Amino acid sequence: MSFLEIANIDVAYGDIEVLFDVSLYIEKGEVLSVIGANGAGKTTTLKTISGLLHPKKGSIIFNDKRIDNLSPEIIVERGIIHVPEGRRLFPFMSVEENLEMGSYNSRAYDDRFETMKKVFDLFPRLKERRRQLAGTLSGGERQMVAVGRGLMAKPEILMFDEPSLGLAPILVKDMMTAIKEIADKGTTIILVEQNIHASLNISNRAYVLEQGYVVNNGDAKQLLDDPSVQKAFLGI
Amino acid sequence: MCKLNWFKFSFSLMLFFFVTLFSGAFVNSANAQKKEVVIGNILPLSGPSASAGVEGKKMREFIVKQFNANGGFECKGELNGAKIKMIYLDTKSNPTVGVTDVQQLINGDNVDLITGAWNSGVTYPASQVAEMHKVPFVVPVSVMDRITGRGFKYLFRIAAKDSWWTRDQFRFIDYLAKKTNKKIKTLGLVYINNDFGKSFDDSWLKLAKQHGYKVILNESYAETATDLTPVVLKIKSAKPQILLVVSDAADAILLQNTMANYDVRPWAVISSGGGQADPAFIKNTGKNADYLFDMSEWAPDMNKPGLKELNKKFKKAYGIDVNGETMDAYVGMHTIIAVLKKTCSTNPDKFRKEMLRSKLSTGPFTVMSYPYVKFDKDGQNVDAGLILVQVRKVGNKYERVTVWPEEDARAGFKVVFPQPNHY
Amino acid sequence: MGSAILNGILMGSIYGLTAVGLTLIFGVLKVINFAQGAFLMSGLFATYWFVKFTGTNPYLALVVVVPFTYFMGYYIQKFLIKPVFESEKDVREPIGVIIVTTGIWYMLDNLALMLFGAQYRTINVPSVSKAISIFGLYAPLSKIIGFFISITVSGLLFWFLKYSKMGKAIRATSQDREAASLMGINQYKIYNVTFGIGTAICGIAGAVLLPFYYVYPTVGMHLDIMDFVIVVLGGLGSIPGALVGGLIIGLIESVGSQFIAYSWTIEVIYIIFLIILFVKPSGLFGVKGEF
Amino acid sequence: MKFSEKQIKLILLMLSAIVVFLIPVFIKNQGYIQIFIVVMFFMYIATAWNFVGGFAGVLPLGNAAFIAIGAYTSTILFVQYGISPWVGMLAGGIISAIIGIIIGLPTFKLRGAYFALATIAFGEGIKVLFQNIDKIGSVNVGGARGILISYSGDSFANFQWVSRIPYYYIILVMLIILLAITVFLMNSKMGYYLIAGGEDPEAAASLGVNVAKYKLIAMALSAFFTAIAGTFYAQWILYILPKSVGSIDLSFEIAFIAIIGGRGTIIGPILGALLLKPLGELTRTYLGGALPGLHLFILGLILVLVMIYQPRGIQEVLTKIFNRFVKKMVTIKRS
């Protein structure tokens, strides 16, 4: 059994179904990319894993235990952390407080100062700004806080939703490097991206979603060379 | 969302019809019995005046229970052997509800007569409905002038009307000046801004002119006021010699306590039998109400026969002392019973005739300040007299002590005026 | 005049305290709690019965009143409000919750009426109700104590929200519910706690008011509307705003009435209220998302 | 004979229309007629509320102010100048509509909670104003005393009858007219724009719908029809008082009826009044005397339960039952 295994889930918002029979798995220590066009169901997949949505059918198994009917806070407790699209920082809290909220769960709370040091090592910029309100930061800094906040939770699996969105190309590169660094230290990573070039480059494997279905999957580098993927996403 | 809804509308109308039938069956089965006099009572049983309504209801229950236990009516006529059935409806102090209540009582419950409604604002429109249907309406409490004098044939009011209250308040002020040889020049008027307070204020302003007093403060406060300190501070800076007050229950307590706490003591405070007559008032003000004058129709210390015994029985049954509120209900119920005994019929015209003819002065009617109950052709109790009580320390408790008219005054007590430590 | 200003400040701070709970609950749940007045009534009654049975100082009643009102709010939110909240979580204007709080208001008020009857009750504590002189201005000790309790409670609340773990979680939830639950914060628990704290503050306000006020089942109604005005004046969701809004109302009432009839001051308050709504709907201190 | 679903519904509609029109013929008890009037009165004002509260998607909690404006306008005109309440009714409606627009202009910019609170303040402000003003020039407003309309004999021109039956038919006709207007409007372009604007103002605006304009029209209509109910109220009770026509309790009740019935639906306010008012009357009549407060406690409980179990109002479940019932009738006839 894999570390996290999603089997045949259907997910709907009210009456509108967005995921159909989606299955995927991730092994411990991997970096997994989920790619697809706007509205393909990538964000929904992440929200379902983190418990914000519950599948209508199918199962999600993490560490040999079913998690598909648990609420988000319990899933966080188990170690799956979701860094949402658009950063979703707490704008009227300082950088430090935002990071601290990341370690709200009981596994991580006691070590919060230690973890914070590590986050500051990874993003020295944040240390300078730690008293500043998150709402006043620049886009790149906000993304750093968002990633740092995810790390503060001492994740087993860290899920990123569009971490490069709205960032200048140079910052995208830095961000990907940082994510790679996190993965190298042993955290399993699920990466949802539209910038598939950047994401596939640092991933081991990838899934391709199209209108709610998994249409392709395999080795990240191979997918990058796959003509159908190139045609669909890179406009080649 | 908004597609044609006439269908649903029709369905709802059907439902409407069933509800009607259901409620109709419900109500009609409830009073199928005969041989009883059905008296409708509309009272404020919830909402801001609920305490007055609940107390009045207790006294009515007390009287009727006793009356029915003694066998009901004994007279020659259709009512012989009949008992009284009381129906109580809550007005919530709301005129609309009161009017609906009267409609319901007359048409749904077929009451023979109605009594209530405590709040003048409810009695006023509600009695008009009763009059339209020729159902006698006996008003024990509501004092608003305009209730009588509308040419109604079946409306009878036992309470004195507010122009008599204010008239007697000014007579009393004149009396104070004369008796103590003090020059009284200035008046302060403080009233609650509702129908009750406003009508007192109107006649005070007129009377002050007639009696030659100068009004140096005329202040109203909202019924919903949470803090009366601003009013008290205004009194403090205006310093009227006599302060005339009309309040409901809660604000009476608040005003009195705040005045005491700020040491605002005019020569005399004269209140108008509203909230100051509520038993909660003395309980909640105590020493702070010392030397307050209140106008009243009744006081427990009036040396009237049978009063002590009545109080003992009532207290045993309901755990509270009789007070102005319950005594109004007491006289009201007994007036109705006495007149019905004489007519031995529920015919409204006979009732009116007998009401106008009767002069009730014995038995239960000896407990009031006035010697008898008698109605003029407007249905007003003609000699509904008034007394003034002063809050005084008796033993270690504060009590309402009758001080005026002098002949009714409690033995050993005289008016204290001006009050000690006044400004 | 001086006394009027002093009274305005003292009363204003106490009005402010009654509004703090409302503003806190709005800040976090984005819901106007119409049951606010009923909670205040519960606090007044709890204080009243405590003093009646133990015969001690009303301020000691806080020991009982605070936990009582806290758990009352906590469980009302948990069992009555949460189900509606859950079904409306995607709705921008959770009107259902407003209706539920109104239902709770009716239930609590009338429960009190059935249990305790309609009569007015006060406690008489001569030692604190007498007006004392401070630099020639008069005010009763009970209001002065009320003033300090109001400031202290607001300060403690502010500190709690700023520095405690739970307080930070409450702030996080108020700023972004979904993100907060992705941090492992159980948002419904936060709502329970927030509601509990909000009602507990009402309880405290009750204990503060009782020595110079009275209690009866529908006493909360007047203060309810007053509180709505206060929180909008100060900015919905802002704690300092609630205090300043309270002060403004207190001063208009107390000082304004020295120039116009007291019953007109309410009209002035409503007019100022409407002007603020139109000119600066966020109120004097309102910053969305910050307390 | 076979009937389609639509035919059965039409037959039911006609049957019930006949029943409603004949109720006063069969039921002689004016007490019930009075209750019917109360119920229809609330159906009417809740339907008028629904223009803004339901379709435009905000929560007005000050509609009693419009009732007060309508009641005071026609009453002052009638009592002091002898102008027929029927004329006063229109005058009150127009004044109220203008005030509705004036108050709507700034408030519609506000959202959610703020709008609700602004309307509460508006409603209370109007009430306090009527309470405090005794006279404007020679016009006697009555202040806190209120105004009594004295009964001067049955007369159509004076809008006065001893019997309740004329009132019954007047409010019934008013209700039917208002419902017809509602149905017409909701099926017109304006209705769609209003609902679109209520559900998602930004999206509607981006499609070029002038949301504010339609909301204002809705507000004006709502204020106009509510004020007309105010005149009806004044002539029906013959006594108006700021506390009774302008109270916050009344404003709340209007909103609750529509919400419990199902706001934003045409049938909602009807069903809401049908459930709450007779229930209120019965509990108040049979329980109020025994245990004061119990009836209001029950009202509170119903509010909470409906919101928990039927958040879209009772119309949803009743409509389902009704449709099932009609379907069954169809199958029975066919078999």
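**Exercise 1.** Starting from Arg357(B), which counts as exposed at 58% relative accessibility, find the residue with which Arg357(B) forms a salt bridge and where both residues lie.

*Solution.* Exposed stands for over 50% relative accessible area, buried for under 20%, and partly exposed for what lies in between, with a 1.4 Å probe and protein chains only. A salt bridge requires a side-chain nitrogen of Lys or Arg within 4 Å of a carboxyl oxygen of Asp or Glu. The partner of Arg357(B) is Glu354(B), with the closest N and O atoms 2.6 Å apart. Both residues belong to helix H12 (residues 348–357) of chain B, three residues apart, about one turn of the helix; helices are DSSP runs (H or I) of at least four residues, strands (E) of at least two, numbered from the N terminus. Glu354(B), at 9%, counts as buried.

This is a predicted model, in which local features need pLDDT of at least 70 and side-chain atom pairs count only at pLDDT 80 or more, while totals for chains, interfaces and linings use all residues. Side-chain values use heavy atoms, without hydrogens and water, residues are numbered from 1 along each chain as its sequence is written, and chains are lettered from A and ligands numbered from 1 in the order in which they are written.

**Exercise 2.** Decide what the salt bridge between Glu97(A) and Arg171(C) joins.

*Solution.* The N to O distance is 3.1 Å. Glu97(A) lies in helix H3 (residues 95–102) of chain A and Arg171(C) in helix H7 (residues 165–175) of chain C, so the pair joins two chains. Glu97(A) is buried at 10%, and Arg171(C) is buried at 3%.
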